[in-house]
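Colleague: I have a new model to read. Can you walk me through it, feature by feature?

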2 protein chains.
Amino acid sequence: MSAVLAGTPGRREQNKLDTRRAIAVSALEFARTHGLGNFTVDQVAAEAGVSRRTFFNYFHSAEEALTTSTDAFLELAAAEFMARPADEPLFDAMIAALAAIAKTENLSVCGELFRMAEESPELMRSQLHAWERAETRIRQAVNERLGGNLDPLYLLALVGAVLSCVKAAMQVWAAASNAPPADSASELEDQIVGALSMLRDGFSNPS
Amino acid sequence: MSAVLAGTPGRREQNKLDTRRAIAVSALEFARTHGLGNFTVDQVAAEAGVSRRTFFNYFHSAEEALTTSTDAFLELAAAEFMARPADEPLFDAMIAALAAIAKTENLSVCGELFRMAEESPELMRSQLHAWERAETRIRQAVNERLGGNLDPLYLLALVGAVLSCVKAAMQVWAAASNAPPADSASELEDQIVGALSMLRDGFSNPS
DNA sequence: TGCAAAATTGCACTTAGTGTAACAATGTGA
DNA sequence: TCACATTGTTACACTAAGTGCAATTTTGCA
């Protein structure tokens, strides 16, 4: 049997991704139907057709299994940013990149998780940590983009502030889109652009 | 026996504060000597002269017991801000308030925790959550200060960005002050003012 | 087809975290 | 000073989280 050109990243990788996804899906399912503290890892594992031990091979906790969507969302943001042309002004690149993430396929899930987190300290912590990890990655990207040796304070403050704006935008958007009309992506984009504009203006007027 | 004028907040309140502090102290002690994942709640409770069950009456986890210093720090920041005169320009009030928190008594502990968190996901999550709670409180304060009905996006983005700057300042400061000369408070203040200035300028130049 | 690498699983074990009821300490009023 | 009500502490028992390890199954490759 001739191997397909796919090569090294073959069936194994795919299976792992499938398993990971299956676990994440059933975790989300339980969070929706039973509420956030009201189910066990054993249930999630069983639903995903996997042993309890395997669950913990993929995630450290139930909350972490719920954070995959948020992770993907933020990962995409970082990727979009790094794909911007190097000569583009920084803020333009950020706005373009971060606005583009509204295209994430499971955007509505991200909003859902955002709302869930308001009422679950554990999930909140997981989500915050996901944002923190993304911040680190983006910081590296920005640093490389701007020559490599920036003032550390500038770098930390800038990226932190930008992500705070994106977070703020998501929060407003998530709160408003309890019943997502499926095209709400553009609304999120508007919020993000709005928040980043305020940042660029130094929050000079509370319009 | 005549009661002292202290009144209602009597021995009970004081005992609870003492117990709380004792637990926090021994948690920090264990984190320092044994490393962050390498001790149990039972050990901390025993060291604090308290039962395991009582520990959990005060904190949800070992990490939460470590976050008391950070909480106090941020609480003070919020209080300082709310104490600023109402007619002072917003940014001036924030800079004054946030710079004043450098006076926190256990500042060095905060820096220590900041550094510890880099290597412990659990502690990181706890710390991030503490900042998040503080952000909510400060947001309310700012909202009341500015009339009560601000644009939600503006409010979220502004406070988030400001706290990101403070966090950035602390990170730079904590990284630099491995051997704190005990007067490093002013250095932190400088970093905070620096970061907030960048924010006010819209991060226009990466000086 | 057969072998090596890697993933899944079962099992045992420690620790986290919580409900509950008994117990001790504290504040209060006569 | 003595009962009494309130509130904090403790012991106990229990469920579930999370991890190390060795056995087992699955997958990739020659």
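**Reading the DNA contact**

Modeller: This is a predicted model. Start with DNA strand C. Of its atoms within 4 Å of the protein, 53% belong to sugar or phosphate, and the rest to bases.

Colleague: What lies close to the phosphate oxygens of DNA strand C?

Modeller: A polar backbone atom of His60(B) is 3.1 Å from a phosphate oxygen. For a polar backbone atom of Val41(B), the distance to a phosphate oxygen is 3.2 Å. Asp42(B) uses its side chain: an N or O atom there is 3.3 Å from a phosphate oxygen.

Colleague: Which elements give two or more residues to the surface near DNA strand C?

Modeller: From chain A, α1 (11-34) and α3 (52-58) do. From chain B, α1 (11-34), α2 (41-47) and α3 (52-58) do. The most comes from α3(A), with four residues.

**Reading the helices**

Colleague: Which residues of α5(A) are buried?

Modeller: Ser69(A), Thr70(A), Phe73(A), Leu74(A), Ala77(A), Ala78(A) and Phe81(A). They pack against α4 (62-66), α6 (90-100), α7 (107-117), α8 (121-145) and α9 (152-176) of chain A.

Colleague: And α6 of chain B: is this helix mostly covered or mostly open?

Modeller: Mostly covered. Nine of its 11 residues are buried, among them Leu90(B), Phe91(B), Met94(B) and Ile95(B). The buried residues pack against α5 (68-82), α8 (121-145), α9 (152-176) and α10 (185-200) of chain B.

**Reading the confidence**

Colleague: Where does pLDDT stay under 50 in chain A?

Modeller: Over residues 1-8. There the model has zero contacts beyond four places in sequence. Where pLDDT is low, predicted coordinates should not be read in detail. For chain A as a whole, the mean pLDDT is 90, and 93% of residues reach 70 or more.

Notes: Residues are numbered from 1 along each chain as its sequence is written. Chains are lettered from A and ligands numbered from 1 in the order in which they are written. This is a predicted model: local features need pLDDT of at least 70, side-chain atom pairs count only at pLDDT 80 or more; totals for chains, interfaces and linings use all residues. Side-chain values use heavy atoms; hydrogens and water are left out. Buried means under 20% relative accessible area, exposed over 50%, partly exposed in between (1.4 Å probe, protein chains only). Contact means heavy atoms within 4.5 Å. pLDDT is the predictor's confidence in each residue, from 0 to 100. A residue is near a molecule or strand if one of its heavy atoms lies within 4 Å of it. A polar contact is a pair of N or O atoms within 3.5 Å; within protein, one must be able to donate a hydrogen and the other to accept it, and residues adjacent in sequence count only if both atoms are side-chain atoms.
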